[in-house]
Amino acid sequence: MSILLGAIADDFTGATDLANTLVNEGMRTVQLIGVPESDVDTGDAEAVIIALKSRTEPVADAVKASLAALDWLKSKGVKQVFSKYCSTFDSTDEGNIGPVTEALMDALKTDFTIACPAFPANGRTLFNGYLFVGDQLLSESGMKDHPLTPMIDSNLVRVLQRQVAKPVGLVSFTEVEAGPDAISDGFRRLRSEGKAHAIVDAVSEQNLRHIGQASRDLPLITGGSGVALGLPDMFRDQGLMGSTADIEIAAPTGRQAIIAGSCSEATRGQIAFAKGRVPSYMIDPLALADGKDLVANALTWAASQDPDVPILIYSSADPEVVRQVQEKLGREKAGAMVENALGLIAVGLVANGFRRLVVAGGETSGAVVSALRISALRIGPQIDPGVPWTETLGATKLALALKSGNFGAEDFFIKSFDLLP
Ligand code: ADP
């Protein structure tokens with residue numbers, strides 16, 4: 001079966017966010033970590049998302065990586081292409097959203113696409129072309145001070161126009177609110193005016209679903225994960241997908257571990273909650289720096305624990321402790337050392353029969369996934385908003401949950417394992 005939706009995401013957690021949205025709408029979804037070098041069997045996936053790290057790369061690199069991802073997706077015969085970026089339209093006047101979009105349009109031989117970062121459930125709404133974060137204009141929100149992509153103009157028609165060669169227009173709230181036919185009319189109107197890009201307003205989930213319906217004939221759609229909400233139903237309306245079904249994953253049986261390298265508040269709360277309930281082992285960065293073989297020690301400790309109970313291995317510490325460690329070792333060195341140790345521990349645990357892993361921390365997840373040489377994940381049911389269980393595809397079969405540091409409720413670590421079959 002060919003893939004209906006081929007998506008290119010400009011960062012890893014953005015890809016997971018999109019995957020989570022599609023799975024919640026009953027679409028079977030696989031997330032690939034980078035463009036696969038060899039062939040990957042995506043099984044019965046209806047959507048495949050390639051996660052890149054192209055948000056803040058130099059424009060030429062972002063374009064190159066996105067075109068390589070597109071080539072791979074085209075080789076799989078995908079029906080429609082989705083370019084996913086952040087719901088706050090994170091970009092500079094140089095790009096990367098605009099140049100990537102126009103490169104994809106050229107490669108897909110299309111002269112028209114839409115741009116809709118709106119995600120009302122997360123407070124991102126787009127009205128008359130102006131993007132709001134909660135009740136603030138984008139340019140008055142925290143995004144104005146972003147270290148890499150400060151957003152100082154809230155008018156996305158202007159923002160996108162500065163990044164692209166072809167004209168940008170607006171399908172405004174009045175048209176969007178009138179439903180899918182009016183939105184399609186809006187697309188036709190803009191095309192007749194010679195516009196190549198349509199910023200599309202949306203303030204509600206229903207708006208997004210209607211935009212999805214109106215976009216069925218567009219080879220390329222660009223936006224945040226919100227606008228993907230309407231795509232599974234749009235495919236269903238064409239008879240291309242079955243009815244909504246809960247997505248299950250095949251979770252391999254084996255021992256269970258939590259590996260936490262995030263020092264975020266939510267993760268520290270989750271560790272405090274889990275510590276009274278499961279055996280735990282702390283990795284001290286200063287001991288690592290002293291040359292102690294904490295990887296071997298942790299693995300020996302893990303082997304001696306009750307195999308029926310999950311274990312917790314963590315480096316997470318309070319801000320004051322982290323500050324002291326960083327003062328002694330340097331921020332980057334401390335981070336890299338801990339990430340390296342946690343990656344090696346993950347490899348050792350898997351070698352010793354662990355098959356179900358929860359990992360806390362964005363960078364930590366990256367380190368673990370690359371140490372385990374995992375290149376593809378089939379996305380399963382949600383544990384908490386933004387964090388699904390996944391099943392690894394390829395040689396090493398694992399159930400894996402990759403949690404961004406600040407995500408998840410206090411009981412996240414404990415309840416996650418209860419959700420597996
Ligand atoms: P989050 O998603 O919360 O940002 P990350 O894993 O992305 O979590 O980042 C946490 C960073 O802090 C990682 O680089 C990790 O190696 C580092 N780190 C973890 N524990 C400590 C510690 N005790 N002291 C200093 N740095 C640490």
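Q: How do you know what separates the centres of domain 1 and domain 2?
A: Taken over C-alpha atoms, the two centres lie 32 Å apart. This is a predicted model, in which local features need pLDDT of at least 70 and side-chain atom pairs count only at pLDDT 80 or more, while totals for chains, interfaces and linings use all residues. Residues are numbered from 1 along each chain as its sequence is written, and side-chain values use heavy atoms, with hydrogens and water left out.

Q: What makes domain 1 and domain 2 the parts of this chain?
A: Domain bounds come from an automatic or database domain assignment, and here domain 1 covers 5-237 and domain 2 covers 255-419. In their contact (heavy atoms within 4.5 Å), domain 1 takes part with 17 residues and domain 2 with 16 residues.

Q: What makes a space in this model a cavity, and how many of 30 Å³ or more are there?
A: On a 1 Å grid over the protein atoms alone, a cavity is a set of points where a 1.4 Å probe fits but cannot get out, and its lining residues have an atom within 4 Å of a point. By this rule there are two cavities of 30 Å³ or more. The largest cavity holds about 130 Å³, and the second largest cavity about 40 Å³.

Q: Which residues are the closest to the centre of the largest cavity?
A: Among its 16 lining residues, Asp-10, Ser-54, Asn-96, Ile-97 and Val-100 are the closest to the centre. Strand 1 (5-9), helix 2 (59-75), strand 4 (80-84) and helix 3 (97-108) each give two or more residues to this lining, and the largest share, three residues, comes from helix 3. By class, seven of the lining residues are nonpolar, five polar and four charged.

Q: Where does Asn-96 lie?
A: Asn-96 is in the loop between strand 4 and helix 3. The peptide bond from Gly-95 to Asn-96 is cis, with omega near 10°. That loop also holds Phe-89, a residue other than glycine with a positive phi, near 55°.

Q: How do you know which domains line the second largest cavity?
A: Its lining is made by Phe-12, Thr-16, Gln-31, Leu-377, Pro-388, Thr-390 and Leu-402. At least three of the lining residues come from each of domain 1 (5-237) and domain 2 (255-419). Helix 1 (12-24) and strand 17 (387-393) each supply two or more.

Q: Why is the space beside Ile-33 and Ser-375 called a pocket?
A: A pocket is an open set with protein on both sides within 12 Å along at least five of seven lines, so the second largest pocket comes under that rule. About 160 Å³ of space lies in it. Ile-33, Gly-34, Val-35, Pro-36, Glu-37, Ser-38, Val-40 and Ser-375 form the lining, with four nonpolar, three polar and one charged residues.

Q: Why is the crossing of helix 11 and helix 13 given its hand?
A: A crossing is right-handed if the near helix is turned clockwise from the far one by less than a right angle, and left-handed if anticlockwise. The axes of helix 11 (residues 294-303) and helix 13 (residues 331-351) come within 9 Å and cross at roughly 35°, and this crossing is right-handed. Val-295, Ala-298, Leu-299 and Ala-302 of helix 11 meet Ala-341, Leu-344, Ile-345, Gly-348 and Leu-349 of helix 13.

Q: What makes one residue in the contact of helix 11 with helix 13 polar?
A: Gly counts as polar, and Gly-348 is in the contact. The contact has eight nonpolar, one polar and no charged residues.

Notes
Points joined across faces, edges and corners; volume = space filled by probe spheres on them. Axes fitted to C-alpha atoms, helices over the stretch in contact; angles between N-to-C directions. Helix = DSSP H or I, 4+ residues; strand = E, 2+ residues; numbered from the N terminus.
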